[in-house]
Amino acid sequence: MRPFVVCALLLFKVALGNACASGEFTDSGQCCSLCPAGSGVVVECGKEDTQCAPCPRGTFSDSEGLSRCVPCARCPFGVPTLASCSATQNTQCECDNSYFFLSSYGLCAPCSKCNRGEGAVRECGPQGDTLCHICGPGTFSEEDLSTKPCQKCTQCSDSEVEIRPCMANSDTLCMDKKLHILSRPADADGTRDSPRWPGGDAAMEEGEASPAPGTPKFTPQDEGGSNNILVYVSVLAAVVLGLLIYVAYKCWRSCKQKKALSKARAAELGTPPEGEKLQSDSGVFLDSYSLQDNQPSKGTKRDSKQDTRLYINLPPHRQQEVERLLQEGSGRGWRHLGAALGYETEQLDLFGRGEAPAHTLLSNWAQKEGSTLGLLCSALARIERPDVVTALNSPTQGVSVV
């Protein structure tokens, strides 16, 4: 008798499964109630129905369900707070562009990007990471690593022929009917109607010789198709020429920006761009700032382990040099440094999704309290990177012989 009751109870649960929002039942077969947003489970559903209570201060529940209230997150050091935590919403932090606040780790992580064939249904921002979905029927996305939504497929016009239908990763491919690239269908007897010139029959009646078999015939339609092809080829050549001009302009602009940046760095260091001539006959130029920095004065030599200077106060060019050495991959790089600074593997994987993980790591670490050069040098020493320690404490300029 007892097995029969258990089977009947299971069948009753299956029959009411679609009507029960929670999908769980008490021992007596009653559907378990869901706790509303802003409330959490106090006593789980079992012998009796679910018992809920409002989330206390410092916790939240942003949707109805059968879970308990979750502790509110805190914004990282130096990151502004957009919205404080409430009973129905977690803390929202204002991270930089292309970053979002990852509440589970309490840090700003790089935004994800959608693959080809996927579109963004939610942009990366205070609400969370980018949310991607596969493009549905009638939409497509040809861009890789994109943050744009799926686009609507193109519909071929009456004067065009559809060569390839629209797919999730490519748009519809159409061709103008006037190009006459498609061959004509054969007749029932296997022959084709050869195009004729207007008045061709009259010309034959006047005794004009017909062309020899196998000789190609040109019609006004064929001539029009050739003209269209020439137009497309001319447009393609113009596009290629424009691309070449654009690439040349970008290269010239990049070189110009590098020169301006070099001059700005030289001005920031207080040295003339050409260097100072020490001896009129030797032809040797030395950066005076390098002399001052490479020759420590008596009693001012700083112990790297006790260096209380903050990394965030270093000049930008010095930070860029450190990030470059850690990014290039010679020896132990930014991942080993992150582990030495106390970051977990999941956090380092999030940093690695960005374009400059070394910059992301050091920028995030610099926002913490006590991010001094002494601690950074100690971590670099543990991963055996004395070259990066040298870059932290000495400039990159030196002696240049002319």
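Biologist: Which residues of α5 meet α8?
Modeller: Val-322, Glu-323, Leu-326 and Gln-327 in α5 meet Pro-357, Ala-358, His-359 and Leu-362 in α8, where contact means heavy atoms within 4.5 Å. That contact splits into five nonpolar residues, two polar and one charged; Ala, Val, Leu, Ile, Met, Phe, Trp, Tyr, Cys and Pro count as nonpolar, Asp, Glu, Lys and Arg as charged, and the others, Gly among them, as polar. Bear in mind that this is a predicted model, with pLDDT of at least 70 needed for local features and 80 or more for side-chain atom pairs, while totals for chains, interfaces and linings use all residues. Residues are numbered from 1 along each chain as its sequence is written, and side-chain values use heavy atoms, leaving out hydrogens and water.

Biologist: What makes α5 and α8 oblique to each other?
Modeller: Helix α5 (residues 316–327) and helix α8 (residues 357–366) pack at about 125°, with axes 8 Å apart. The axes are lines fitted to C-alpha atoms, for helices over the stretch in contact, and the angle between N-to-C directions can run from 0 to 180 degrees. Under 35 degrees is roughly parallel, over 145 roughly antiparallel, 65 to 115 roughly perpendicular, and the rest oblique. The pair therefore comes out oblique.

Biologist: Why do the side chains of Glu-355 and Lys-113 count as a salt bridge?
Modeller: The rule wants a side-chain nitrogen of Lys or Arg within 4 Å of a carboxyl oxygen of Asp or Glu. Here the N to O distance is 4.0 Å, so the pair is a salt bridge. By this rule the count comes to six salt bridges.

Biologist: What does the Glu-355 and Lys-113 pair tie together?
Modeller: Glu-355 sits in the loop between α7 (345–352) and α8, and Lys-113 in the loop between β8 (107–110) and β9 (118–122), so parts 242 residues apart in sequence are tied together.

Biologist: How much of residues 229–249 is helix?
Modeller: That span is 100% helix and 0% strand, with its end C-alpha atoms 30 Å apart. Helices are DSSP runs (H or I, at least four residues), strands likewise (E, at least two), numbered from the N terminus. UniProt, in an unreviewed entry, annotates residues 229–249 as "transmembrane region"; such annotations may be inferred rather than shown by experiment.
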